[in-house]
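Work through the exercises below with the sequence and the 3D view open. Try each task before reading its solution.

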Amino acid sequence: MANGSEQANLGIASQDCGIVQFDGWDDAMARFEADLAPRLGGQLPTKVGDTTYQDGKLVIRIAPRRLWLLCDGPPPAIDIDPELGCMLALGEGRVRLRLSGQNIKHVLERCVVVDWDSLQEGEGVQVGFHRVPVLLLRTGPFECDLFAPRSFARSLVEWISEVEIGCRHTGP
Amino acid sequence: MRRLNKLGRIDRSQPIAFTFDGKTMTGFRGDSLASAMLANDVTIVGRSFKYHRPRGIYSAGPEEPNALVTIGTGGRREPNLPATTVELADGLVAESQNRWPSLKFDVQSINSWFSPFLAAGFYYKTFMGPTRRSWMFYEHFIRKAAGLGRAGQEPDPDRYEVRHLFADVAVVGAGPAGLAAALAAAEAGAKVVLVEQDFLAGGYLLSEPSAGQAGAWLAGMLARLADMPNVSLMTRTIAFGAYDGNVLGLLERHNSSSVDPRQGEARQTLGLLRAKSIVYCTGSIERPLTFANNDRPGIMLASAARTYLNRYGVLAGKRVLVAADNDSAYSAAIDLAAAGAQVTIADSRAQPGPQLLEQARRGGIAVRATSMIAKAIGGHNVRAVVLIEPRGKTTLECDLIGVSGGWSPTVHLTSHLGIKPVYREDIRAFVPGKLGAGQFVAGAVTGSFTTEAAVDDGHRAGNEAFAFCDAARSSQAQVKFDLPKINAKLGVIGDDGNSGLRPKPPLSPAFSTQTNEGVGGKMNLAKGKAFVDLQMDVTVSDIALAHQEGYQSVEHLKRYTTLGMGTDQGKTSNFYALSAMAGLRGMAIPDVGTTTFRPPFTPVAVGALAGLSHGHHYKPFRRTPMHDWHVSNDAEMLETGLWMRPWFYHASSRDVNEAYVAEMRNVREAAGLMDISTLGKIAVQGPDAAEFLDRVYVNGFAKLPVGRARYGVMLRDDGIVFDDGTTTRVGDQHFFMTTSTARAADVMSRLEFLLDTAWPDLRVSVSSVSDEWAAMSVAGPKSRDILAAAFPDLDVSNDALPHMGLLEGRYRDRPLRIIRLSFSGERAYEIYAGASVGKEAWCRLIDAGTPFGLKPYGIEALGALRVEKGHVAGPEIDGRTTLDDLGLRRMAGKSSGFVGEVLGRRQAFSDPERPRLVGLRCVEDGRRLRGGAILFRPNEPVQGHGLGRITSTTYSPTLDAWVGLGLLATSAAQEGAEFIAHYPLKGEAVRARVVSPTFLDPKGDWFHG
């Protein structure tokens, strides 16, 4: 799925995305990460919210024992030793909302509690958006991706569009 | 006309037309509504809350107790706004409040005559007598007589927003201290947000002559800040609350001259500012004086008279009496005299300082020492004043009285987090208590009342605030900027040699009442009401009465008299009330204490709190993958929780009662297709997943084979049924759990809680996959044929896919699961397809099933089908029922080891009077059962809770009768017994017979085979 709408100062594109979730067991985290890291391109992010991008694979740690692999295409097949952890495909349930434009900061500050100026490119943060859990990933100076539950996605896009109208008179 | 041709910060080249009570007037850009009304000789602005006394403009800021007006018309009507804080805008429509038929002639001013009956506590006394029902009589009149403005009835067409803001250093208040703090922090490198409630920055400096040194200093500071990209100055923004984590609640009123709601621009924005550190430079508020008739129009704070003169070019009176007990009022007197007014100062002190006297003399001002006001004379405007002096009483004609009883630091925000303000005897005022980490104060709020001290203080606080939020850089970044000196030649030079720009500490007695209403007969000079709280019409006598009647705690005083409970929150009255009670109780002021300061500092419109969250955006909607199909196929959609679900399809009938019966009949006779994507779905994975489920469910899952599903029931810790659903083993260590739609989030949270706290040793991962799958149910005798036609590559025969069996496959390169389950009693299959192809899968089933009579059905029919089959759902699993109540005990094959098992064995749960699930069938032709009806035995008196209740009902087309499920006392629940179902809301009573709750196919032949 891919569709988009170009607003005056903000573009919104909605796309499907591949997500694979990896969970490690508490007593086997070190072995789990050592086993998983080379298959995800090298190093794994260490802090919640941090990301690594290697060999076309974007990995984000979204909880102390949970990692997400984000892919534009079909996710790679990766087996996990059940004694170390487990994996789960989550790509069907979430939609990637790609926001870009000069007004992105002003739009986002009316949507989520995130300090855009402090958020580094490549950094992610889980936020509540209209009371919906969303993963926000900054991808550029004026771009970010919101990974939103599919059932909520249209409602959130409607909210963003409404907010954007009010921001058209706000400078970048 | 009181407008001068010179002075002020208004732009006389830009006239602005506005109306007040329908009369067109003219002001200028830069005016407040209050200044423009004063300039147009408006003396009465409103009527008081209780006595309907005429009131004028009393202050020049948010502390205004009197001049409350309603702004706007229709849906934009906003009541109770202080005219002193409203920025004048083109076409502004203002209206006075609490008067009828007009402001000048208000019938209810008759209340003053009955004031002996309306003293403090009268409202509570009306609850008590002479009979208990008296209040019903009084209420109508009291509510009509007392009041403020009225909100509009029409929808507000304007737009409101909520923003989340961040800063290193937030500075509240852009007076001299705030400007200095912001500059210090910004030059050190901090990201600074400077918040100012006024539409201009400058604070008290705006009340200085604009052409003077203060104006130059202010312009210089603003220019420096404007050049700094790391500084954001938010004018028209009030910090209304301080919250945990250094969060400030801000309300930004956008410039009504430039905002165009039709273009989507917001009228107001609610901001939540998260700062690493905060500097409060909230200033101070001048205190009034109490004397008889101290509420008359023409009486205002001395500082306000000065503000109207120097900022707005409005000379509020020509014959002015300034009554004071401190130095600061001399600045107002001297400026007013210089502008042409005839000014007299009544100073309650015996010996005002010689420098003050000299400056007053040079200004042509008569100073009367040891002189206090006994009484103001006048109706719609003050005409004269009676002074009490050592020589006796003197009457002096005047048209303006400026009062100054000292200054109270504005400690509201610093007290919002429960930090009690601290009393300082040297200045006889409360100052902020010990603040939390990252919070600083500067300027007059600290009790330091000179401008140069405020600037130094602000500079220090700005540096400290920066150091707190960035300790690593602060040692190098301490900034000592070169500020122009502003203490010379400004205002009045006090006798301590300091600039008199802000007052010295008040030297008067703590409670300087100048009236016969003085507490304890301290003074007995004149008749008339002496108000402490102007907005709530609370007098000195009311406080004495409260004391006399035992309401001596400051919290009781507040509630008994309503003191401080108006929209101004007692900004000008609280200190006098505390002083009065201290005097009455013979205690020191700090021993009396203060009331609790709570947000908001000023009122916040509900619209601003809601922001965009109203109407369509009130809550986020969840849409299933098939949502658009439902809408385009004429489904009547229904909000259920956050989900949008098809209620029924208009193709079945336009009427829901006909539609659901038709849809039920089609399911029983052919097949129906239902969107069940809203079910909660949880992936349970890990080596210990089966063990985990064994503990969570009352029935066992460890031995469930891969490829099989099982119905399960969960209990709460207390043994009450929590939720039910099915769980399918899709792999040796992987289970697919479904929950009811309503409980999906609760169950997920519950599982995570148990894993985190009760069994952290279990190697189990739980993940919500509710959005992963589009889910649909094909139910009915033709369902297998339809499935085979839709997915010809899959073997859906009874052998390959028996009841409670699982079949996995792929559909359009997405995962596909088919689980044979029945909720309706028919042969049925739940089809789970990847959400991205859910709509295609649905359409495929429709296309394949149409030749077999397949039609979609909605949740009304779904609920009815399950009642016929006797399946319990939300109305029965209502947080009060147990396994035994619901007839589910047989599920608990295990004897122990599951959540809720221990407390589920409580003796109370086996009480024979506990209700248990029964079926009920209506036995009267042409009558119906209703959910919620109470069950009584025939000939039993209809009172109390009866023996049980009906939980769910439906018309059964198969049985041609109304049937229902109910919960009935076990001792009475024999099949065949008849009861009367009373439905009080409609006054109905209908006979019903107890039957088995499984109305159809009790052996399950329909869904097996």
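## Exercises on a predicted model

**Exercise 1. State how confident the prediction is for chain A, and find a stretch where the pLDDT is below 50.**

Step 1. The average pLDDT of chain A is 90. A score of at least 70 is reached by 93% of the residues.

Step 2. Residues 1-7 of chain A have a pLDDT below 50. In the model this stretch still makes 16 contacts beyond near neighbours in sequence.

**Exercise 2. Determine which residues and elements of chain A touch chain B.**

Step 1. Count both sides. Chain A contributes 34 residues to the contact, and chain B contributes 34 residues.

Step 2. List the elements of chain A that give two or more residues. They are strand 3 (18-24), strand 7 (85-89) and helix 3 (150-167).

Step 3. Which element of chain A gives the most? Helix 3 of chain A does, with 11 residues.

Step 4. Classify the side of chain A that touches chain B. It has 14 nonpolar, 13 charged and seven polar residues.

**Exercise 3. Trace the pairing of strand 4, strand 5 and strand 6 of chain A.**

Step 1. Start with strand 4 (residues 51-54) and strand 5 (residues 57-63) of chain A. They pair in the antiparallel sense over four bridges.

Step 2. Inspect the turn. Two residues lie between strand 4 and strand 5 of chain A, which form a hairpin. In that turn D55(A) has a positive phi of about 50°.

Step 3. Move on to strand 6 (residues 66-71) of chain A. It runs antiparallel to strand 5 of chain A, and five bridges join them. These strands also form a hairpin, with two residues between them.

Step 4. Follow one residue across the strands. L58(A) in strand 5 of chain A stands opposite Y53(A). In strand 6 of chain A, L58(A) has L70(A) as its bridge partner.

How values were computed: Residues are numbered from 1 along each chain as its sequence is written. Chains are lettered from A and ligands numbered from 1 in the order in which they are written. This is a predicted model: local features need pLDDT of at least 70, side-chain atom pairs count only at pLDDT 80 or more; totals for chains, interfaces and linings use all residues. Two residues are in contact if their C-beta atoms, placed from the backbone, lie within 7 Å. Ala, Val, Leu, Ile, Met, Phe, Trp, Tyr, Cys and Pro count as nonpolar, Asp, Glu, Lys and Arg as charged, and the others, Gly among them, as polar. pLDDT is the predictor's confidence in each residue, from 0 to 100. Two strands pair if DSSP finds at least two bridges between them.
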